[in-house]
Amino acid sequence: MKTHNGVNQLKQDSGVTRHSGTELLNLIMAYSISTAVRAAAQLDLADLMKDGPKTVEALAQASRTQASHLQRILRVLCAHRVFKEQPVNTYQLDELGWNLCSDSPSRLKEAALMLTDQTFLHCAGDLSQAAAGIPIFKERFGHAFFEHWDDTDIHDIFHQGVSGLSRASNVFLINEISIPANATVVDVGGGIGGLLLLILKKFPDAYGILFDQAQVLANSVLPGLNQPERWKLVDGDFFQSCPAGDVYLLQMILHDWSDEQGITILRNCAQSMSENGRILVLESVIEPDNKPNGGKLLDLITMCVLEDSRERTLGEFEAMFDRAGLRLLRRIDAGGLASVLELGHK
């Protein structure tokens, strides 16, 4: 008995308890939650529940699955506030599940399909090799990350996913961004232009330039504004130059590149920017604490698929800005995945 108590004391002193072991085991298996979300997105489960609760049998029939197997996926997601079982064997949307609907303002269904695509999951399994500096993506696929998505069969998975990921932040960001009267807003590497469209709607005297590669611009959402005189599409390479403007948007751009490449992008914006212009860097900012944060998770994802990419601390951002001839005017915590870092000329 004395020895048994001594062992228990040793376990407590080392931090090893029955509870901590179970908690770690749940973390080890947590990838199954991501794959369950992916299955829900692929099977359109949120859309099927949008108009009210459904029995598991009705959901299985509509999704062409087996009810007993589908229920196993549903109960995992019910434990994480995606769906809710009420009453027994009947399921409905819970708080998080609304974001998986095809017409949700956040449009996270597309982001879920992208971030759980085999492209990301396969690389994530080799995180220890990525930590050693091995270019995991090239090792697995034989080419660079962005080249991979040029394949027309999977092109939309990435670009719609990135757009969906951005929309989740745009809901918060649009309330924090201010645009001067009659300003020209340049969305650098802006994809299909979701954030720029919101800005043009909110600021009716602003003019917008969506700047990206030609194949990306082909899917622009700006025509939805029905005011063609207020915007234009410009294709080009932000490592070479950027169009002239007053306000520049860099949404989740710098995290894809090394410090040197990021500084080049910033300098090209600064060189084309008007005297009193501003650059709005919309990125995750890693805090120096031990708290959970979506930016820390995103940092691991980018480390696996892009050799020189990373999320940055505020200090790391400020060092880049200084070398690019810019200064940080203010930081706004928008409440989502990204913060707004407002820059001006030195």
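Trainee: Where does Ser104 lie?

Mentor: Ser104 lies in the loop between S3 and helix H7 (108–115). Helices (H or I, at least four residues) and strands (E, at least two) are DSSP runs, numbered from the N terminus. Before we go on: this is a predicted model, where local features need pLDDT of at least 70 and side-chain atom pairs count only at pLDDT 80 or more, while totals for chains, interfaces and linings use all residues. Residues are numbered from 1 along each chain as its sequence is written, and side-chain values use heavy atoms, with hydrogens and water left out.

Trainee: Is Ser104 buried or exposed?

Mentor: Ser104 is buried, with a relative accessible area of 7%. Buried means under 20% relative accessible area, exposed over 50%, and partly exposed in between (1.4 Å probe, protein chains only).

Trainee: What does Ser104 touch?

Mentor: Trp98 and Asn99, if residues up to four places away in sequence are not counted. Contact means heavy atoms within 4.5 Å.

Trainee: Back to S3. Which strand pairs with S3 over three bridges?

Mentor: S2 does, in the antiparallel sense, and S3 covers residues 90–93. Two strands pair if DSSP finds at least two bridges between them. Phe83 stands opposite Leu93 in S3. The open sheet here has three strands in the order S1-S3-S2, with antiparallel pairing.

Trainee: Why is one side of S1 left without a neighbour in the sheet?

Mentor: Strand S1 (54–55) stands at an edge with a single partner strand, so one side has no neighbour in the sheet; strand S2 (83–85) is at an edge in that way too.

Trainee: New topic. How do H5 and H6 cross?

Mentor: The axes of helix H5 (residues 56–63) and helix H6 (residues 67–78) come within 9 Å and cross at roughly 105°. Axes are lines fitted to C-alpha atoms, for helices over the stretch in contact, and angles run from 0 to 180 degrees between N-to-C directions. H5 and H6 are therefore roughly perpendicular to each other. Angles under 35 degrees count as roughly parallel, over 145 as roughly antiparallel, 65 to 115 as roughly perpendicular and the rest as oblique.

Trainee: Which residues of H5 meet H6?

Mentor: Val56, Glu57, Leu59, Ala60 and Ser63 in H5, and on the H6 side they meet Ala67, Leu70, Gln71 and Leu74.

Trainee: What about the other sheet, what is its strand order?

Mentor: S6-S5-S4-S7-S8-S12-S11, an open sheet of seven strands with mixed pairing. From one strand to the next, the twist averages 20°. Strand S4 (residues 184–188) and strand S5 (residues 207–212) run parallel, joined by five bridges. Val185 has Gly208 in S5 as its bridge partner. H15 packs on the sheet, and its direction makes about 150° with that of S8.

Trainee: Last one, the aromatics. How many aromatic pairs are there?

Mentor: Nine. Rings of Phe, Tyr and Trp (its six-membered ring) pair if their centres lie within 6.5 Å; planes under 30 degrees apart count as stacked, over 60 as edge-to-face and the rest as tilted. Phe238 and Phe239 make an edge-to-face pair, 5.1 Å centre to centre with 80° between the planes.

Trainee: Why is the pair of Phe239 and Trp257 edge-to-face?

Mentor: Their planes are at 90°, so the pair is edge-to-face, and the ring centres are 4.9 Å apart. That pair links distant parts of the chain, 18 residues apart. Trp257 counts as buried at 17% relative accessibility, and Phe239 as partly exposed at 24%.
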